[in-house]
Amino acid sequence: MSGKSIGLSDELHEYLLSVSLRESAVMAELREETAEHPKSQMQIAPEQAQFLRFLVQLIGARRTLEIGVFTGYSAMAVAEVLPPNGEVVACDISEEYTQVARRYWQKAGVDDTIDLRIAPAAETLQALLDDGQAGTFDFSFIDADKKTYDTYYERSLDLLRPGGVIALDNVFRDGRVTGSRSDDESVRAIQELNEKLHEDDRVEITMLPLADGVTLAMKR
Ligand SMILES: C[S@@+](CC[C@H](N)C(=O)[O-])C[C@H]1O[C@@H](n2cnc3c(N)ncnc32)[C@H](O)[C@@H]1O
């Protein structure tokens, strides 16, 4: 019996990847190119991308939101497994980062599935709501600026159908969420949101010790 999740040593992480990672050639190429980027640590872990793919298929997702695209790895992971009429509305503010994403999405043949919107994500989500699209999405992956996570969560919740799932990345903030309120605004925002979700009876939640911590919130 195990009382808690075990810490992942480098060796065990290597093992996990060696016996479970399934990654398309284009995704592997994108991960290799992004590894050379000065902000490469922003890309999600490959096993996390594989988890998201698994999850969107499990819930039968067709319409999904991606909040924080960077070079496009997580959006591509999801887009590759959506049904033929599937759609990812992908939000980012950076033309520079997402140029790389567009190149790889085209290479993987998922560029028609991904609707990239360059604007602050809060505005894009509000525009979808103003357009009457509340309750029409199945899944939302939140992975942009941490101080706005609460807004992304609230707007995603409005945009999701009952049974839809929100995945929030970096809920551990590299372990900095423990203890008293942080002086760092981004850590504090996550501490407050973690506590809010714990009490939020609009959703079922589970917090997974995957990568930098991922919370799943399923809309009731
Ligand atoms: C952690 S990275 C996303 C990583 C991505 N999910 C992946 O798998 O590679 C965060 C992204 O959020 C974007 N971002 C930051 N502030 C934003 C905002 N207000 N609206 C939309 N995107 C934003 C950044 O430009 C950056 O590309």
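Me: What makes a residue buried or exposed in this chain?

Reply: A residue is buried if 20 or more other C-beta atoms lie within 10 Å of its own, exposed if 12 or fewer do, and partly exposed in between, with the C-beta atoms placed from the backbone. By that cut-off, buried residues make up 36% of the 220 residues in the chain. This is a predicted model, in which local features need pLDDT of at least 70 and side-chain atom pairs count only at pLDDT 80 or more, while totals for chains, interfaces and linings use all residues. Residues are numbered from 1 along each chain as its sequence is written.

Me: Why is R173 called buried?

Reply: R173 has 20 C-beta neighbours inside 10 Å, and therefore counts as buried.

Me: Why does D174 count as exposed?

Reply: D174 has 10 C-beta neighbours inside 10 Å, so D174 counts as exposed.

Me: What is said of phi at R173 and at D174?

Reply: Most residues other than glycine have a negative phi. R173, although not a glycine, has a positive phi of about 45°, and D174, also not a glycine, has a positive phi of about 55°. R173 is placed in the loop between β5 (160-169) and α8 (185-199), and D174 lies in the loop between β5 and α8.

Notes. Helices (H or I, at least four residues) and strands (E, at least two) are DSSP runs, numbered from the N terminus.
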